[in-house]
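Let us work through this structure together, one question at a time. Please look over the sequence and the model before reading on.

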Amino acid sequence: MAQQHYEGKKHRRNAARAQLLEQLAGSLDATETTGLRSRYSCSVCSVVLNSIEQYHAHLQGSKHQN
């Protein structure tokens, strides 16, 4: 049963988010590295994003780069 859980879509998605969060830990504020949050904010651009994936995409985007 545990093996089925680990192979499941929801677990794989959450594991991928946790891994991405670890990779981005240097660019996130200390309060945002405590775990998976429902909101991420870019203090430079004053935008609020809903997921770590959106935050990562924002950091690579042209609006943030400018």
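Q: What share of the contacts in the protein chain between residues at least 6 apart in sequence join residues at least 24 apart?
A: The model is a predicted one, and its protein chain has 66 residues, of which 21% count as buried. Among the contacts between residues at least 6 apart in sequence, the share that joins residues at least 24 apart is 22%.

Q: In what order do the elements of the protein chain run from the N terminus on?
A: The protein chain holds 4 helices and 2 strands. Read from the N terminus on, these elements follow the order α-α-β-β-α-α.

Q: Which element gives the largest share of the largest nonpolar core?
A: This core has 9 residues in all, namely Leu20, Leu21, Leu24, Tyr40, Cys42, Leu49, Ile52, Tyr55 and Leu59. The elements that give two or more residues to this core are helix H2 (9-23), strand S1 (40-42) and helix H3 (52-60). The largest share, 3 residues, comes from H3.

Q: Within what arc do the buried residues of H3 fall, seen down the axis of the helix?
A: The buried residues of H3 are Ile52, Tyr55, His58 and Leu59. Seen down the helix axis, these buried residues line one face of H3, because they fall within an arc of 120 degrees. 

Q: Which elements do the buried residues of H3 pack against?
A: Ile52, Tyr55, His58 and Leu59 are the residues of H3 that count as buried. The elements that these buried residues pack against are H2, S1, S2 and helix H4 (62-65).

Q: Is Cys42 buried or exposed?
A: A residue counts as buried when its relative accessible area is under 20%. The relative accessibility of Cys42 is 4%, so Cys42 counts as buried.

Q: What is the relative accessible area of Cys45?
A: The sulfur of Cys45 has the sulfur of Cys42 as its closest cysteine sulfur, at 3.8 Å. Cys45 is partly exposed, and its relative accessible area is 25%.

Q: Where does Ser46 lie?
A: Ser46 has a phi near 60 degrees, which is a positive value in a residue other than glycine. At 64% relative accessibility, Ser46 counts as exposed. Its place in the chain is the loop between S1 and strand S2 (47-49).

Q: Which residues is Tyr6 in contact with, leaving aside its neighbours within four places in sequence?
A: Tyr6 is found in helix H1 (residues 2-7), and with a relative accessible area of 47% this residue is partly exposed. Once the neighbours within four places in sequence are left aside, the residues in contact with Tyr6 are His11 and Arg12.

Note on methods
Residues numbered from 1 in each chain as written. Predicted model: local features only at pLDDT ≥ 70, side-chain atom pairs only at ≥ 80, totals over all residues. Heavy atoms only, no water. Buried < 20%, exposed > 50% of the residue type's maximum accessible area, 1.4 Å probe, protein only. Contact = heavy atoms within 4.5 Å. Core = buried A, V, L, I, M, F, W, Y, C linked by side-chain atoms within 4.5 Å. Disulfide = S-S within 2.5 Å. Arc of directions from axis to C-beta.
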